[in-house]
Amino acid sequence: MKKRVLAAVCICFLLMMLAGCGGAGVPDTVETTTICIDKKGGVTYYLAGAFDREYYQLEELTSMAEKEAAEFCVSAGASAVKVEKVELVPEGGDKVVITYRFDGCEAFEGFNNSGLFYGTVGEAKDAGYAVDVVLTNEKGEELPLNADMDRRVIITDAKALVYCPSKATGVSVGAALKEDGSVDTTAAEGTVMILLKK
């Protein structure tokens, strides 16, 4: 009986570890503008900025963000975007992070006037993106984007840390693969392409 219980515990532990594999996880405290895309294409956007207490109150900022999201949803659909939270970071600090949840890249693009695509390389080509580019992997080796048209790719001109739904294996010029698995696009000029493992 003890062996069965121990085996069940080991299996549960292994499944939890496997569930955590793949994309990089967003840290508990986000202090810089960050985009997180999940496997189904949903987007969580953490918009970070300075918080000047002389001009703003957190409640007013929250109300403004919620009003802007509600107005966008009138034309884009009820579930296009919602404000999940507005908080000071570090707690009580001088920076504010507004966390938005979008139902997809199209809603993110419409709300932020920034480009964001998530799909296969083939779908990116069909959408008009140039896919005959060469990316760089974490070892500095060249990696042609169009080598596998079924691989997933993220394309954006937003300046942020990007957390992907699976491991990033290659990035375009100016983007940087970070140790935590995210991709930093803040130093890139123009559009960044991120090739995913699967």
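The views below show a predicted model, in which local features need pLDDT of at least 70 and side-chain atom pairs count only at pLDDT 80 or more, while totals for chains, interfaces and linings use all residues. Residues are numbered from 1 along each chain as its sequence is written, and side-chain values use heavy atoms, with hydrogens and water left out.

View 1. Helices (H or I, at least four residues) and strands (E, at least two) are DSSP runs, numbered from the N terminus. The 19 residues of α2 should span 27 Å at 1.5 Å a residue, and the end C-alpha atoms are 27 Å apart, which agrees; the expected span is 1.5 Å times one less than the number of residues. Buried means under 20% relative accessible area, exposed over 50%, and partly exposed in between (1.4 Å probe, protein chains only). L61, T62, A65, A69, F72 and C73 are the buried residues of α2. They cover an arc of only 105° around the axis, so they sit on the same side of α2; the arc is that of the directions from the helix axis to the C-beta atoms. An α-helix has 3.6 residues a turn, so residues three or four places apart point the same way. On the face turned away from the buried side are the exposed residues E59, K67, V74 and S75. The cover over the buried residues of α2 includes β3 (81-89), β4 (95-102) and α3 (105-112).

**View 2. The largest nonpolar core.** A nonpolar core is a set of buried Ala, Val, Leu, Ile, Met, Phe, Trp, Tyr and Cys residues joined through side-chain atoms within 4.5 Å. The largest such core has 38 residues, of which I35, Y100, F102, I154 and I194 touch the most other members. Helix α2 (residues 58-76) gives the most to this core, with five residues. Contact means heavy atoms within 4.5 Å. Leaving aside neighbours within four places in sequence, F102 is in contact with G42, V43, Y45, A80, V81, A107, F108, F111 and N112. A second, separate core has ten residues, including V131, V153, I155 and M193.

**View 3. The salt bridge of D38 and R101.** A salt bridge is a side-chain nitrogen of Lys or Arg within 4 Å of a carboxyl oxygen of Asp or Glu. The whole structure holds three salt bridges. In the one between D38 and R101, the closest N and O atoms are 2.6 Å apart. D38 lies in the loop between β1 (34-37) and β2 (43-50) and R101 in strand β4, so the pair ties together parts that are 63 residues apart in sequence. D38 is partly exposed, at 26% relative accessible area, and R101 is partly exposed at 26%.

**View 4. The salt bridge of K167 and E138.** The side chains of K167 and E138 meet at 3.7 Å, N to O. This pair links distant parts of the chain, 29 residues apart, with K167 in the loop between β9 (161-163) and β10 (168-171) and E138 in the loop between β6 (134-136) and β7 (142-144). K167 is partly exposed, at 38%, whereas E138 is exposed, at 57%.

**View 5. The cysteine C164.** A disulfide is a pair of cysteine sulfur atoms within 2.5 Å, and the count comes to zero disulfides. For C164, the nearest cysteine sulfur is that of C36, 8.6 Å away. C164 is buried, at 3% relative accessibility.
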